[in-house]
Amino acid sequence: PASDSGAAGAAARRRNALERLAALRDELHLDAELVYVEARSVRQGLHDTARARSADLLVVGASRYDVIYRDLVGDDAREVLENAPCAIAVAPVGYSSRRGPLRTIGVAYDDSSESARTLVVAKDIALDCHAKVSVFQTVSGLQPHDPVHLEDSIEYAECGDPAQELGRYGQSVDLLVLGADKHGPGARWLGQGTVRRLADEPPCPLLVLPRAQPTS
């Protein structure tokens with residue numbers, strides 16, 4: 001394209017982005033393919049790429065913007081979580097400089113079939129990492145339910161704001177595994193999506209599992 005056209009600027013930005021990714025790949029000695037995707041949004045581009053490649057996991061970083069900016073303008077990390085085609089890992093800001101071994105895998109449990117599936121995934125990860133599993137459940141009226149009679153530690157919190165309770169709990173674990181939000185899109189925008197609120201300022205790395213697809 002002509003040097004003064006918008007296409008020329010876009011091509012330059014694309015080259016710059018790919019060069020930065022290539023330098024990072026080489027620095028970390030990764031066997032990684034670099035992909036450039038054009039899409040109407042970050043969410044759409046990542047979701048489409050994950051579907052096309054049958055990806056098992058998308059890894060994103062938490063937003064560096066403040067809550068006012070996120071609420072008014074939006075946030076890519078929040079949006080990627082919505083109706084994701086695979087599991088999403090969310091890294092807290094600055095995690096690369098303070099990451100360490102996974103010694104305790106936390107699980108957000110609510111006595112549902114979805115959280116039971118989440119527990120299975122957490123136990124598999126713990127087995128691979130030689131870590132322990134810690135299960136967290138908010139309860140009403142102090143009537144907890146033992147999730148499948150675990151030998152691992154179980155912590156309970158009197159029913160309060162789930163995002164706040166899980167945020168405090170997340171500070172005590174190295175990875176928090178939880179299921180995707182169950183609310184509809186309208187409820188999420190009203191701030192009722194627990195996972196989306198946690199992902200705004202994650203207390204630790206999050207692993208968010210997609211909702212199980214109904215069997216035909």
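Is cysteine 86 buried or exposed, and what is its relative accessibility? In this predicted model, cysteine 86 has a relative accessibility of 6% and therefore counts as buried, the cut-off for that class being under 20%. Cysteine 129, by contrast, is partly exposed, because its relative accessible area is 32%. The structure holds zero disulfides.

The protein chain comprises 216 residues, of which 36% are buried. Its secondary structure amounts to eight helices and seven strands. Among contacts between residues at least 6 apart in sequence, 66% join residues at least 24 apart. The chain exposes about 13,300 Å², and carbon and sulfur atoms account for 51% of that area.

The largest nonpolar core contains 24 residues, and the members that touch the most others are Leu81, Ile88, Val90, Leu176, Leu178, Leu206 and Val208. Two or more residues are contributed to this core by each of several elements: the strands E1 (57-61), E2 (87-91), E6 (175-179) and E7 (206-209), together with the helices H4 (76-81), H6 (162-170) and H8 (194-200). The greatest contribution is that of H8, which supplies three residues. The surroundings of valine 208 illustrate the packing in this region. When residues up to four places away in sequence are left aside, valine 208 is in contact with Leu81, Ala87, Ile88, Leu178, Gly179, Ala180 and Val195. Another core, of 15 residues, lies apart from the largest one and includes Ile105, Ile125, Ala131 and Val135.

Beyond residues up to four places away in sequence, arginine 14 touches Tyr36 and Glu38. The C-alpha atom of arginine 14 is separated by 9.7 Å from that of valine 37, which is 23 residues away along the chain.

Conventions:
Residues numbered from 1 in each chain as written. Predicted model: local features only at pLDDT ≥ 70, side-chain atom pairs only at ≥ 80, totals over all residues. Heavy atoms only, no water. Core = buried A, V, L, I, M, F, W, Y, C linked by side-chain atoms within 4.5 Å. Buried < 20%, exposed > 50% of the residue type's maximum accessible area, 1.4 Å probe, protein only. Helix = DSSP H or I, 4+ residues; strand = E, 2+ residues; numbered from the N terminus. Contact = heavy atoms within 4.5 Å. Disulfide = S-S within 2.5 Å. Areas by Shrake-Rupley, 256 points an atom, 1.4 Å probe, with all protein chains shown as cover.
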